[in-house]
Amino acid sequence: MSFFANVEQVPGDPILGLTEAYNADSRTTKVNLGVGIYYDENGRIPLLRAVKQIEQTLAAEAKPRGYLPIDGLPAYTQATQKLVFGEGSDLLAAGRVATSQTVGGSGALRVGADLLKKLLPHATIAISNPSWENHRAVFAAAGFDVVDYTYYDNTAHGLDFAGMLADLQKLQPGTVVLLHACCHNPTGADLSTEQWKQVAALLKDRQLFPFIDMAYQGFDKGIAQDGQAVRIVAEAGIDSFIVANSYSKSFSLYGERVGALSVVGPDAASTKAVQSQVKRIIRTIYSSPST
């Protein structure tokens with residue numbers, strides 16, 4: 001008897017599968033429009049000067065490769081908090097943010113999904129229509145029922161803000177709402193500052209749980225403006241939410257899998273308790289992040 005004789009073959013990933021097809025194509029005129037990677041004018045992924053300098057410094061000061069803490073390097077997580085929430089953040093001052101170094105932004109999404117499934121076992125998650133395909137896959141794999149909320153108007157080629165508000169208004173209290181902080185993937189249509197304020201007020205009023213995915217901070221209007229969604233949600237008085245962020249795009253570190261998960265709680269004690277749950281989840285998946 002073969003244990004794997006009747007295993008069903010699933011379709012390839014719609015994004016990474018396109019890259020596999022691209023690599024297998026022998027035509028010299030081919031162009032890869034799949035994975036969102038920045039290329040220079042010669043079609044190569046650039047090595048940023050800042051990254052090269054740091055790599056040279058690290059090589060010159062080589063250190064043993066011991067295990068990192070489960071939630072990553074403190075210097076890394078603290079720098080991430082200042083970048084994501086702002087140096088003068090009241091949340092940071094109050095000890096209400098716990099950040100973990102993760103295996104890319106996708107790792108942050110999965111750890112966050114597993115955390116919420118444990119803490120909010122009956123919740124549904126709402127994602128924008130359309131959204132990055134892996135959002136649906138990650139949360140479905142964690143056991144969530146995934147529903148859509150209106151986001152893009154194909155006819156007007158822009159944000160359908162009225163439709164978005166109407167759909168969010170219909171969600172049951174306790175629903176997790178996935179939001180793209182900036183550079184919405186795949187549409188590129190983002191909310192204005194005033195629109196973010198309206199969304200934040202609605203989230204609080206309807207008692208919805210924000211899960212903000214920020215994969216492109218600094219790629220649009222700048223570090224602070226691209227991260228405004230996080231600050232607006234905090235200023236709206238929403239006492240608990242999650243932020244996943246990635247450095248793949250901003251530092252051109254796609255293969256290094258560098259990301260972070262930040263959990264905001266109502267007070268320092270609650271945040272510490274939630275972080276203990278995050279660390280247990282990380283321990284069971286990949287134990288600790290890479291150096």
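Let's start with Asp213 and His135, whose side chains make a polar contact at 2.7 Å. By polar contact I mean a pair of N or O atoms within 3.5 Å; within protein, one must be able to donate a hydrogen and the other to accept it, and residues adjacent in sequence count only if both atoms are side-chain atoms. Please keep in mind that this is a predicted model, where local features need pLDDT of at least 70 and side-chain atom pairs count only at pLDDT 80 or more, while totals for chains, interfaces and linings use all residues. Residues are numbered from 1 along each chain as its sequence is written, and side-chain values use heavy atoms, with hydrogens and water left out.

Asp213 sits in strand 7, residues 209-214. Helices (H or I, at least four residues) and strands (E, at least two) are DSSP runs, numbered from the N terminus. A salt bridge is a side-chain nitrogen of Lys or Arg within 4 Å of a carboxyl oxygen of Asp or Glu.

Setting aside residues up to four places away in sequence, Asp213 touches Leu109, His135, Leu178, Leu179, His180, Ala181 and Ala244. Contact means heavy atoms within 4.5 Å.

The axes of helix 5 (residues 104-119) and helix 6 (residues 133-141) come within 9 Å and cross at roughly 35°. On the helix 5 side, the contact is made by Ser106, Leu109, Arg110 and Ala113; on the helix 6 side, by Asn134, His135, Val138, Phe139 and Ala141. The axes are lines fitted to C-alpha atoms, for helices over the stretch in contact, and angles run from 0 to 180 degrees between N-to-C directions.

Now to charge pairs: how many salt bridges does the structure hold? There are six. In one of them, Arg110 meets Asp114 at 3.0 Å, N to O. These two are four residues apart in helix 5, so about one helical turn separates them. Arg110 is partly exposed at 32% relative accessible area, whereas Asp114 is buried at 19%.

Asp148 forms a salt bridge with Arg136, with the closest N and O atoms 2.7 Å apart. This pair links distant parts of the chain: Asp148 belongs to strand 3 (residues 145-150) and Arg136 to helix 6, 12 residues apart. Asp148 is partly exposed at 37%, and Arg136 is partly exposed at 31%.

One more pair is Lys221 and Asp220, which meet at 3.2 Å, N to O. Lys221 is exposed, at 56%, and Asp220 is partly exposed, at 38%.

Let me finish with Thr175, in the loop between helix 7 (161-170) and strand 6 (176-180). Is Thr175 buried or exposed? Its relative accessible area is 6%, so Thr175 is buried. A polar atom of its side chain lies 2.6 Å from the backbone oxygen of Gln172. Leaving aside neighbours within four places in sequence, Thr175 is in contact with Thr124, Ala126, Leu208 and Phe209.

Definitions and conventions
Buried means under 20% relative accessible area, exposed over 50%, partly exposed in between (1.4 Å probe, protein chains only).
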